[in-house]
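Visitor: Hi, I have a new model open and would like to talk it through. Could you help me find my way around?

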Amino acid sequence: MRFLKMDLRAATVAAALTASFGLAAAPAEAKVDGDTIILGSAISLTGKYATNGIHAQNGYELGVKMINDNGGVKVNGKSYKFKVVYYDDESTPARGAQLAERLISQDGVKYMLGPYSSGLTKAIAPVTEKYKIPMVEAEGASRSLFSQGYRYLFAVLSTSEQYLASSIELAADVAKANGKDSSSVKVAMAFENDPFSLDVRAGVVDDMKKFGMKIVIDDKLPRDLSDMTSTLTKVKALKPDLLVISGHSKGAATAARQIAELKIKTPMIAMTHCEAAKIVSKFGAGSTEGILCPTQWAETLSYEDDLFGTAAEYDALFKKSFEGYKNVPYQAAQATAAVMVWKDAFERANSFETDALRDALADTDMKTFYGGIKFAPEGNNIAKPMVLRQIQDGEYKVVAPVKWASSKVRHPRSPK
């Protein structure tokens, strides 16, 4: 797998340069080029979403390599390989939409993989829909994506309102175990002002209402996600029982750093994108101890398939294939799953026609190392739950829901 590391770095640089200088990508005049099926993706390789964009690209590349190395994709009795043409959308929705147009209109790409983030997916989905080009996306979780009537959009991940819902239920369970009513729980919230995080917030608020919890802080994170001391100062003063945060990788890194610097003692903290932001390796196991992190996937879950084997085996292969990963971000795992969905659809459709493939995608019902994948009529995956992990002694341990838990939750959190 060593050459994969070298090839991926070269591909990343080439993609960034291609987008920056407005040059054409490798030609894809037809939907299939010889024995190669061309997939296209505008992805964030620079800008505020670059960390997760690169995780997603790594996941795409590992999926492509494994499929190509294990017989490829069989259509009409012939074996084909996958190849992905990337452009750097610079973490900008308008740029993403422009590049999707370019991939489809100029490069002839007929099969799309999604960008990173709900905001970029929202910008690109109208383009793929206009041209009736199927897109399998792995990184846009906003539930509002699936209320637009799109017919060509399919998402392998669970929707955003589920991300932090389990932390609300967990806080209620902890209160009950301590002889308190769930309505006594005080919650502080800080969310980025983007489609994903606002949907996460809506899910949190809905779940809080079920338990009668009280919101004591309801802040929006600054646009550049570089400072949340204003919120944390209020947290120190008001002493909530639970602090929930969503700001993608940059927001998670800022939160973890400043929570440690300001010695925030909130007994329960839950935030999105912990693994992708690598908060344990950046800020230490001691200062991040007890933080709760929702995840689409974990290597300890009992998922498996014929290509990658178990979730644990995928985890080991990914770490072997790409340097610098102590924990495999779920963004990478679900990107790989998206490539697997394309292989499955091509083989069941036994065709390269986009409408036939759209119908095959709509009928997807498969088991993968990432979990079950089955699409609702709206295009979202209805076959896989979210789980909640807690950082315990520097390791991410699944603590909720109970049926998936590998460890008991530690409460209150005790940073060192």
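Visitor: Which residue forms a salt bridge with Arg 410?
Guide: Glu 289 does, with the closest N and O atoms 3.0 Å apart. A salt bridge here is a side-chain nitrogen of Lys or Arg within 4 Å of a carboxyl oxygen of Asp or Glu. Before we go on, this is a predicted model, in which local features need pLDDT of at least 70 and side-chain atom pairs count only at pLDDT 80 or more, while totals for chains, interfaces and linings use all residues. Residues are numbered from 1 along each chain as its sequence is written, and side-chain values use heavy atoms, with hydrogens and water left out.

Visitor: Where do Arg 410 and Glu 289 lie?
Guide: Arg 410 is in the segment after strand E18 (395-400), and Glu 289 is in the loop between helix H11 (285-288) and strand E12 (292-295), so the pair ties together parts 121 residues apart in sequence. Helices (H or I, at least four residues) and strands (E, at least two) are DSSP runs, numbered from the N terminus.

Visitor: And is Glu 289 buried or exposed?
Guide: Glu 289 counts as buried, at 3% relative accessibility. Arg 410, at 36%, counts as partly exposed. The cut-offs are under 20% relative accessible area for buried, over 50% for exposed, and partly exposed in between (1.4 Å probe, protein chains only).

Visitor: How many salt bridges does the count come to?
Guide: The count comes to 18. One of them joins the side chains of Arg 389 and Glu 299, at 3.0 Å from N to O. Arg 389 sits in strand E17 (residues 387-392) and Glu 299 in the loop between E12 and strand E13 (304-305), 90 residues apart. Salt bridges that share partners join Glu 275, Glu 299 and Arg 389 into one network. Arg 389 is buried, at 1% relative accessibility.

Visitor: What about Arg 143, which residue is its salt-bridge partner?
Guide: That is Asp 206, with the closest N and O atoms 4.0 Å apart. Arg 143 belongs to the loop between strand E6 (135-137) and strand E7 (153-155), whereas Asp 206 is in helix H6 (residues 195-211), 63 residues apart. Arg 143 is partly exposed at 32% relative accessibility, and Asp 206 is also partly exposed, at 36%.

Visitor: Let's switch to helices. At what angle do H2 and H13 pack?
Guide: Helix H2 (residues 50-69) and helix H13 (residues 330-349) pack at about 40°, with their axes 7 Å apart. Axes are lines fitted to C-alpha atoms, for helices over the stretch in contact, and angles run from 0 to 180 degrees between N-to-C directions. The two helices are therefore oblique to each other; angles under 35 degrees count as roughly parallel, over 145 as roughly antiparallel, 65 to 115 as roughly perpendicular and the rest as oblique.

Visitor: Which residues make that contact between H2 and H13?
Guide: Among them are His 55, Gly 59 and Ile 67 of H2, and Ala 335, Val 339 and Lys 343 of H13. Contact means heavy atoms within 4.5 Å. The residues of this contact divide into 10 nonpolar, 6 polar and 1 charged. In that scheme Ala, Val, Leu, Ile, Met, Phe, Trp, Tyr, Cys and Pro count as nonpolar, Asp, Glu, Lys and Arg as charged, and the others, Gly among them, as polar.

Visitor: At roughly what angle do H13 and H14 cross?
Guide: They cross at roughly 115°, and the axes of H13 and helix H14 (residues 354-362) come within 9 Å. Trp 342 and Phe 346 of H13 take part, as do Leu 357 and Leu 361 of H14, among others. By class, this contact has 9 nonpolar, no polar and 1 charged residues.

Visitor: New topic: where is Tyr 116?
Guide: Tyr 116 is in the loop between strand E5 (111-113) and helix H4 (118-130). Tyr 116 is buried, with a relative accessible area of 2%. Leaving aside neighbours within four places in sequence, its contacts include Asn 52, His 248, His 273 and Gln 331.
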